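Please read this short report with the structure open beside you. It takes the sheet, the cores and the model's confidence in turn.

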Amino acid sequence: MKRKILFMPYISLILLLSGCSSSSGSFASDKMIKLENEVYITSNETVTEDELAEQIGEIEVSSTNESDLNEANTISSNTYKVGTRLFKMINKNTKDMIAVEDSTSRYFIAYNNNYTEK
């Protein structure tokens, strides 16, 4: 009986520690894009091709490891493939939102992580 009582705290500690592990390279969100040191999160909202202005770039680095996406002047994403096109939207500030073309030629709005609608 004493052995069981002494053994239980060790099992509890092991379970607690295994549940508290962290993954150092993981992202806070999926569908992230980094453009000119701004972080955008892609929404489920779509826009039409008529609402697009000019292309402002394309994904240069695609990686699920956050440390791969730290280059200051690199356009990167943790979801979209290299070559995915990014667009300015008509009458919208690119510091607030951009449009992202997905593989089915639909365009999704990606909001700046700091964007708050006014």
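## An edge pair and a loop

In this predicted model, β4 and β5 pair in the parallel sense over two bridges. Strands (E, at least two residues) are DSSP runs, numbered from the N terminus. Two strands pair if DSSP finds at least two bridges between them. Serine 62 has serine 77 in β5 as its bridge partner.

Threonine 74 lies in the loop between β4 (61-62) and β5 (76-77). Is threonine 74 buried or exposed? Threonine 74 is buried, with a relative accessible area of 17%. Buried means under 20% relative accessible area, exposed over 50%, partly exposed in between (1.4 Å probe, protein chains only). Not counting residues up to four places away in sequence, threonine 74 touches Lys34, Glu60 and Val61. A contact means heavy atoms within 4.5 Å.

## The whole sheet

Eight strands form an open sheet with mixed pairing. Their order is β3-β6-β7-β8-β2-β1-β5-β4. β3 (52-58) and β4 stand at the edges, each with a single partner strand, so one side of each has no neighbour in the sheet.

## Strand β8 and its partners

Strand β8 covers residues 107-112. Five of its six residues are buried, so β8 is largely enclosed by the rest of the structure. Five bridges join β8 to strand β2 (residues 38-47), and the two run antiparallel. Valine 47 has tyrosine 107 in β8 as its bridge partner.

β7 and β8 also run antiparallel, joined by five bridges. Here methionine 97 has tyrosine 111 in β8 as its bridge partner. The hairpin of β7 and β8 has five residues between the strands. In this hairpin, serine 105 takes a positive phi near 60 degrees.

## Nonpolar cores

A nonpolar core is a set of buried Ala, Val, Leu, Ile, Met, Phe, Trp, Tyr and Cys residues joined through side-chain atoms within 4.5 Å. The largest one has ten residues, including Ile33, Leu35, Ile98 and Val100. β1 (32-35) and β7 (97-101) are the elements that give two or more residues to this core. A second, separate core has eight residues, among them Met89, Met97, Ala99 and Tyr107.

## Confidence and ground rules

The chain's mean pLDDT (the predictor's confidence in each residue, from 0 to 100) is 80, and 69% of its residues reach 70 or more. Over residues 20-25 the pLDDT is below 50. Beyond near neighbours in sequence, this stretch has three contacts in the model. Where pLDDT is low, the predicted coordinates should not be read in detail.

Residues are numbered from 1 along each chain as its sequence is written, and side-chain values use heavy atoms, leaving out hydrogens and water. In this predicted model, local features need pLDDT of at least 70, side-chain atom pairs count only at pLDDT 80 or more, and totals for chains, interfaces and linings use all residues.

Note on methods:
Helix = DSSP H or I, 4+ residues; strand = E, 2+ residues; numbered from the N terminus.
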